[in-house]
Amino acid sequence: MKVMFDGKEIGTVASNHSMTVEEALYCMGIDINSQEDCKKAYDDGEPYAYIDDCGNYAIDVENITLE
């Protein structure tokens, strides 16, 4: 399945069952609960990574879809 953000493919995941966005990102090597993974995505300029109001690195999972 394709992992999409803002209409653009950001990755693909092979699966024989349905999964959540968080699970798909984990399969792509991004643990949304890991500040290190979120910081790496932010430092790499990924459009779905940001710094939240508390100064923590985060992933915009609400705008990521699976196709």
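This is a predicted model: local features need pLDDT of at least 70, side-chain atom pairs count only at pLDDT 80 or more; totals for chains, interfaces and linings use all residues.
The protein chain contains two helices and five strands. Read from the N terminus, these elements follow the order β-β-α-α-β-β-β. The C-alpha trace spans about 35 × 20 × 20 Å along its principal axes. For 67 residues, a compact globule would have a radius of gyration near 11 Å, and the 12 Å found for the protein chain agrees with this. Of the 67 residues, 28% count as buried. The protein chain exposes about 4,500 Å², of which carbon and sulfur atoms supply 44%. Among contacts in the protein chain with a separation of 6 or more, 37% are accounted for by residues 24 or more positions apart.

Three of the strands form an open sheet in the order E2-E1-E5, with antiparallel pairing. Strands E2 and E5 (64-66) are the edge strands, each pairing on one side only. From one strand to the next, the twist averages 30°. In general, the strands of a sheet pair through backbone hydrogen bonds, in either a parallel or an antiparallel manner.

On one side of the sheet, strand E1 (residues 2-5) pairs with strand E2 (residues 8-12) over four bridges in the antiparallel sense. Within this pairing, Phe-5 stands opposite Lys-8 of E2. The hairpin of E1 and E2 has two residues between the strands, and Asp-6 in this hairpin takes a positive phi near 55°. Strand E1 also pairs with E5, again in the antiparallel sense, over three bridges. Here Met-4 stands opposite Thr-65 of E5.

The structure holds two salt bridges. Side chains of opposite charge can pair when their charged atoms come close. Lys-39 is partly exposed, with a relative accessible area of 35%. Asp-43 is likewise partly exposed, with a relative accessible area of 48%. The other salt bridge joins Asp-44 to Lys-40, with the closest N and O atoms 2.8 Å apart. Asp-44 is partly exposed, at a relative accessible area of 48%.

Note on methods: Residues are numbered from 1 along each chain as its sequence is written. Side-chain values use heavy atoms; hydrogens and water are left out. Two strands pair if DSSP finds at least two bridges between them. Axes are lines fitted to C-alpha atoms, for helices over the stretch in contact, and angles run from 0 to 180 degrees between N-to-C directions. A salt bridge is a side-chain nitrogen of Lys or Arg within 4 Å of a carboxyl oxygen of Asp or Glu. Buried means under 20% relative accessible area, exposed over 50%, partly exposed in between (1.4 Å probe, protein chains only). The radius of gyration is taken over C-alpha atoms; the globule rule is 2.2 Å times the number of residues to the power 0.38. Contact means heavy atoms within 4.5 Å. Accessible areas come from the Shrake-Rupley method with a 1.4 Å probe; for residues, only the protein chains shown count as cover.
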